[in-house]
Amino acid sequence: MPDLYTLDECLDLYADAFCIGRQRECLFLSLWGRDTALQELLARLTLPTADNGLDTLHLCQGDTRHAMVFGDMDRYSRRSARLRQTRFGTLVHVWLFDQRCISPDRANLHSIALLDDEEGACPVDDQLWPRVRELCPLPLLDHWQAPVMTLLHAQQAVLPASFSQGPIQAWAISLDENDLALRLSGMIRAGVLTPEP
């Protein structure tokens, strides 16, 4: 059974998975609870704090406490599923996630990748590579994966979320087109990147 975290702001809700970015921002949040409690929380996240709104949630388990900051709720997508009737009423499962998880910010070359963190999942770089290729404005050949990913890790252009709980891991991808073009051309001239595998 996964670890469940309670929310200080709504004790009737439980989080079983979440990812917090480097600025404490919410990248992903999986919540369970009754429909009314979830709807109230989601409504409060859209209100200004002066009107009893929320911009921060605190996820707690024992002595462990994590603050998760929400900015403009328009940048989040939401999915939900209603579970069958239980002893406690109908349970609802809601996922909130940064829209960059599904639609990269091509103008700023930023993306968030949610990766399978289960044991036995394929390596992180194999999971990140399709997203890097999709985001990068420069053409990247598949057999360049290892040297390009090594470069991106060294430049901290791909970074894991500061904290993840549950079976997923969030990675932020942030590319600098000019610097990347310069470094890739240098790698091509040095013979590290070749047209053929």
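In this predicted model, Arg106 is partly exposed, with a relative accessible area of 46%. The side chain of Arg106 forms a salt bridge with that of Glu134, at an N to O distance of 3.3 Å. This pair connects distant parts of the chain: Glu134 belongs to helix 2, whereas Arg106 is found in the loop between strand 7 (89–98) and strand 8 (110–116), and 28 residues separate the two. Glu134 is likewise classed as partly exposed, because its relative accessible area of 38% falls between the limits of 20% and 50%.

Salt bridges with shared partners also join Arg75, Asp98 and Arg100 into one network. In total, 8 salt bridges were identified in a search of the whole structure.

A further salt bridge is formed between the side chains of Asp35 and Arg82, with an N to O distance of 3.6 Å. Here too the pair links distant parts of the chain, as Asp35 lies in helix 1 and Arg82 in strand 6 (residues 76–86), 47 residues apart. Asp35 is partly exposed, with a relative accessibility of 26%. Arg82, by contrast, has a relative accessible area of 56% and is therefore counted as exposed, the cut-off for that class being over 50%.

Helix 1, which contains Asp35, comprises 12 residues, numbered 35–46. The distance from its first C-alpha to its last is 17 Å, close to the 16 Å expected at 1.5 Å a residue. The buried residues of helix 1 are Ala37, Leu38, Leu41, Leu42, Arg44 and Leu45. These residues lie on the same side of helix 1, because they cover an arc of only 160° around the axis. Thr36 and Thr46 are exposed on the other side of the helix.

Helix 2 spans residues 124–135 and includes Arg131. Arg131 has a relative accessible area of 16% and is therefore buried, since burial requires a value under 20%. When residues up to four places away in sequence are not counted, Arg131 touches Arg100, Cys101, Pro104, Ser111, Ile112, Ala113 and Ile173.

Cys136 is located in the loop between helix 2 and helix 3 (145–154). With a relative accessibility of 7%, Cys136 is buried. Apart from neighbours within four places in sequence, Cys136 is in contact with Leu175 and Leu180. Cys136 and Leu109 are 27 residues apart in sequence, and their C-alpha atoms are separated by 7.2 Å in space.

Technical notes:
Residues numbered from 1 in each chain as written. Predicted model: local features only at pLDDT ≥ 70, side-chain atom pairs only at ≥ 80, totals over all residues. Heavy atoms only, no water. Helix = DSSP H or I, 4+ residues; strand = E, 2+ residues; numbered from the N terminus. Buried < 20%, exposed > 50% of the residue type's maximum accessible area, 1.4 Å probe, protein only. Contact = heavy atoms within 4.5 Å. Expected span 1.5 Å × (residues − 1). Arc of directions from axis to C-beta. Salt bridge = Lys/Arg side-chain N within 4 Å of Asp/Glu carboxyl O.
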